Amino acid sequence: MPKQPSFVSRNLVAIVMIPSLVGIHLGWSYMQGNRKLVTESEQIDLPPVTFARFVWNKVTGETSVGNGGGGGNPAE
């Protein structure tokens with residue numbers, strides 16, 4: 001009978017990627033909260049939140065540019 005792959009070898013991508021994504025998002029939040037790096041007017045939401053808001057506005061046809069309290073692109 002062939003040996004079945006272990007849990008770790010079957011789920012290695014998830015084991016590596018999930019903590020990596022959590023760490024990246026925590027790092028983004030800490031950097032956005034550090035006023036020496038990012039001023040309040042430059043602060044933006046997490047990229048997935050920004051993308052979800054963009055897609056929602058496209059689906060619903062809304063044209064609002066606001067991002068819920070963050071800074072956003074000053075050129076807009």
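Select Ser9 to begin: with a relative accessible area of 47%, Ser9 is partly exposed, a class that lies between buried (under 20% relative accessible area) and exposed (over 50%), using a 1.4 Å probe and protein chains only. The model is predicted, so local features need pLDDT of at least 70 and side-chain atom pairs count only at pLDDT 80 or more, while totals for chains, interfaces and linings use all residues. Residues are numbered from 1 along each chain as its sequence is written, and side-chain values use heavy atoms, with hydrogens and water left out.

**Helix 1**

Ser9 belongs to helix 1; helices (H or I, at least four residues) and strands (E, at least two) are DSSP runs, numbered from the N terminus. Show the side chain of Ser9 and the backbone oxygen of Ser6: the two are 3.0 Å apart. This is a polar contact, defined as a pair of N or O atoms within 3.5 Å; within protein, one must be able to donate a hydrogen and the other to accept it, and residues adjacent in sequence count only if both atoms are side-chain atoms.

Next, pick Arg10, also found in helix 1. The side chain of Arg10 reaches the backbone oxygen of Pro5 at 3.3 Å. Arg10 is exposed, its relative accessible area being 55%. Then select Val8, which sits in helix 1 and counts as partly exposed at 47% relative accessibility.

**The nonpolar patch**

The areas come from the Shrake-Rupley method with a 1.4 Å probe, and for residues only the protein chains shown count as cover.

Colour helix 1 (7–10) and helix 2 (12–33): each supplies at least two residues of the patch. Which helix gives the most to the nonpolar patch? Helix 2 does, with seven residues. An α-helix has 3.6 residues a turn, so residues three or four places apart point the same way.

**Gln32**

Move along helix 2 to Gln32. Is Gln32 buried or exposed? Gln32 counts as buried, because its relative accessibility is 10%. Leaving aside neighbours within four places in sequence, Gln32 is in contact (heavy atoms within 4.5 Å) with Val38, Glu42, Gln43 and Ile44.

Select Arg53 and Asp45, which form a salt bridge with the closest N and O atoms 2.8 Å apart. A salt bridge is a side-chain nitrogen of Lys or Arg within 4 Å of a carboxyl oxygen of Asp or Glu, and the structure holds one. Arg53 counts as partly exposed, at 28% relative accessibility.

Now select residues 47–60, the 14 residues of helix 3: at 1.5 Å a residue they should span 20 Å, and the end C-alpha atoms are 20 Å apart, which agrees. The expected span is 1.5 Å times one less than the number of residues. Just after helix 3, Gly61 takes a positive phi of about 80°.

**The whole chain**

Zoom out to the chain, which has three helices and zero strands in the pattern α-α-α. Buried residues make up 5% of its 76 residues. Among contacts with a separation of 6 or more, 22% join residues 24 or more positions apart. The chain exposes about 6,500 Å², of which carbon and sulfur atoms supply 67%.
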